[in-house]
Amino acid sequence: MSREELIKLVLGVSSELEDAEARFRKAQEELNAALAEIERLRALSRKERADRFGPRREDVNAFDEAESLDAKERKPEAGKRGRKPGFEKDLSWYESRASETVHVWPGGAGGLPDGHEEIGREVSYKCVWVRGFAKVVRYVRHKTKAPDGSIAYPDCSADPFQKSVCTPSLAAALMANKFLLGIPYYRQEKLLLAAAGVDRQDMCRWQMRSTELLKPIADLLLERLLGSASRAVYSDETTLRCVLEKKGKCYLWVFCSGFYDHPVYYYSFENGRGHEHPAAVLRGYDGWLETDAWGAYALLEGVKNCYCWAHARRKFFDYLKGLPDAKKEGSVAFGALRMIDALFAREAGFKREGLGPAGIKEARNRPDYLAALAEIRGYLGSFEYEEGSALGNAAHYLLDRWDGFVEYVNNGHVEMSNNISERAIKPFVIDRKNFLFAFSGDGAESSATYFTLQQTARANGLDPEKYVAKCLELCAGRDPKGDYSDLLPWELCKKYDLK
């Protein structure tokens, strides 16, 4: 074989080897990609099994009936008579069950005023709810004629539900059944007062009237929340579908006070999730706001954003769910969890030691505490992460928002986590399973107003049904722009037994 032929043969073999090597590298890349996809699916499967069957702790066709008032009149069911205009309730049910009669005379007199002549009377009925049954009270309102010929009528301004069988106690019970116990009005219609001719439309009207009376108290609670001495507010939101809103998918927001203030939970219905919605509620608030780091909060002017460490921790914990047990302890996520848990343990120690906000702020700014925060940042920043990976997303979620995550050290009133507002939104999320969506914005706002009083009363250790009933009783006849400070939960409970 000549020298030229030998060179040609070697070059041909080299070319074939390069082609084979290129094919091998391509096959290897495809294999690695397939293995990565298999591992991703396995991790996803392990996480789904853990979410479905594992412990919940993170340890190492109904509708919202109040909105239907704006809708067209319901058509009667086939074979049933519908309610016609001018329909009057059958009062025989009330008359046969009336256990008490109250006579109401003009001017609040105990009987017929001197010189007056009775010229007529009007009989009506009220249902007073007494924990489990409706007590029917007969009201006889007397109309009299004075000696000078003038006609005197009884004053009914103290009745918040005039020309209705409803009373504050009944309205409070119906709303508590719906929002506290999760029993929608269409079920209560069949269970409670069906024989009395009370249907869900009546209940809806009573709710709308109740929240109209209660709105000034809710507004005052928000004012006290934003003006608190701690200057710390916690916020969260959840979805609520609304039929008549163009967007359809709306949101219920909650704004809560902290550990060191009178408990206040304020709920607000908004038709979106943009920053303009919390801005409208906060109205120039310039204190500390603890949230889940949703981007809209960062656009609020003047607010000192604090981000929830429980959310940051959860991302690492969810990543660990997808790892085989043998790889968990040595992973980056496991190390991050241990350091974050050590911070939470320090915070719990401050509470056990009885430190107040000033003491907590001082302890957080000690060199050892600040070094622990810096260690977390340095630890997570020392690794390179695959773009788009779950671990990379968890690490960058914390690192990219670091200033917001450490802002809490500047105010001892602010907690490390946003758990207080997470717990505050949970009751509504549970109730939403019974009323799947709202019909109109007015009804959703009514629900938010009631929820404000209900959850604030609960947080202050009061019975929400008793508290709302007493507020309705005392709100009637008041100027909506007047002073309602005596009806705040921590004030009203001083005068009445509301527990």
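Mentor: Ala 293 lies in the loop between strand 8 (288-291) and strand 9 (304-307). The model under discussion is a predicted one.

Trainee: Why is Ala 293 called buried?

Mentor: Its relative accessible area is 10%, and buried means under 20%. Ala 293 therefore counts as buried.

Trainee: Where is Arg 231 placed, and what is the phi of Arg 231?

Mentor: Arg 231 is in the loop between helix 5 (200-226) and strand 5 (232-241). Its phi is near 55°, again a positive value in a residue other than glycine.

Trainee: Why is Arg 231 called partly exposed?

Mentor: The relative accessibility of Arg 231 is 31%. The partly exposed class runs between the buried limit of 20% and the exposed limit of 50%, so Arg 231 falls into that class.

Trainee: What makes the buried residues of helix 10 line one face of the helix?

Mentor: In helix 10 (residues 357-364), the buried residues are Pro 357, Ile 360, Ala 363 and Arg 364. Viewed down the helix axis, they fall within an arc of 125°, and so they line one face. Residues three or four places apart point the same way, because an α-helix has 3.6 residues a turn. Ala 358 and Glu 362, on the other side of helix 10, are exposed.

Trainee: Which helices do the buried residues of helix 10 pack against?

Mentor: They pack against helix 9 (332-352) and helix 11 (367-381).

Trainee: Why are helix 7 and helix 12 called roughly antiparallel?

Mentor: The axes of helix 7 (residues 309-321) and helix 12 (residues 390-399) cross at roughly 165° and come within 9 Å. Angles over 145 degrees count as roughly antiparallel, and the pair is therefore described in that way. The crossing is left-handed.

Trainee: Which residues make the contact of helix 7 with helix 12, and how do they divide by class?

Mentor: Trp 309, His 311, Ala 312, Lys 315, Phe 316 and Tyr 319 in helix 7 meet Ala 390, Leu 391, Ala 394, Ala 395, Tyr 397 and Leu 398 in helix 12. By class, this contact has 10 nonpolar, 1 polar and 1 charged residues.

Trainee: How do you know that helix 7 and helix 9 are roughly antiparallel?

Mentor: Their axes cross at roughly 150° and come within 9 Å. As the limit is over 145 degrees, helix 7 and helix 9 are therefore roughly antiparallel. Helix 7 passes helix 9 in a left-handed crossing. Among the residues that meet are Trp 309, Phe 316 and Leu 320 in helix 7, and Phe 334, Ile 340 and Phe 344 in helix 9. By class, the contact of helix 7 with helix 9 has 13 nonpolar, no polar and 2 charged residues.

Trainee: Why are helix 3 and helix 5 called roughly perpendicular?

Mentor: Helix 3 (residues 168-179) and helix 5 pack at an angle of about 100°, with their axes 10 Å apart. Angles of 65 to 115 degrees count as roughly perpendicular, and the two helices are therefore placed in that class. Leu 170, Ala 171, Leu 174, Met 175, Lys 178 and Phe 179 of helix 3 make the contact with Met 203, Trp 206, Gln 207 and Ser 210 of helix 5. These residues divide into 7 nonpolar, 2 polar and 1 charged.

Definitions and conventions
Residues are numbered from 1 along each chain as its sequence is written. This is a predicted model: local features need pLDDT of at least 70, side-chain atom pairs count only at pLDDT 80 or more; totals for chains, interfaces and linings use all residues. Side-chain values use heavy atoms; hydrogens and water are left out. Buried means under 20% relative accessible area, exposed over 50%, partly exposed in between (1.4 Å probe, protein chains only). Helices (H or I, at least four residues) and strands (E, at least two) are DSSP runs, numbered from the N terminus. The arc is that of the directions from the helix axis to the C-beta atoms. Contact means heavy atoms within 4.5 Å. Axes are lines fitted to C-alpha atoms, for helices over the stretch in contact, and angles run from 0 to 180 degrees between N-to-C directions. Angles under 35 degrees count as roughly parallel, over 145 as roughly antiparallel, 65 to 115 as roughly perpendicular and the rest as oblique. A crossing is left-handed if the near helix is turned anticlockwise from the far one by less than a right angle, and right-handed if clockwise. Ala, Val, Leu, Ile, Met, Phe, Trp, Tyr, Cys and Pro count as nonpolar, Asp, Glu, Lys and Arg as charged, and the others, Gly among them, as polar.
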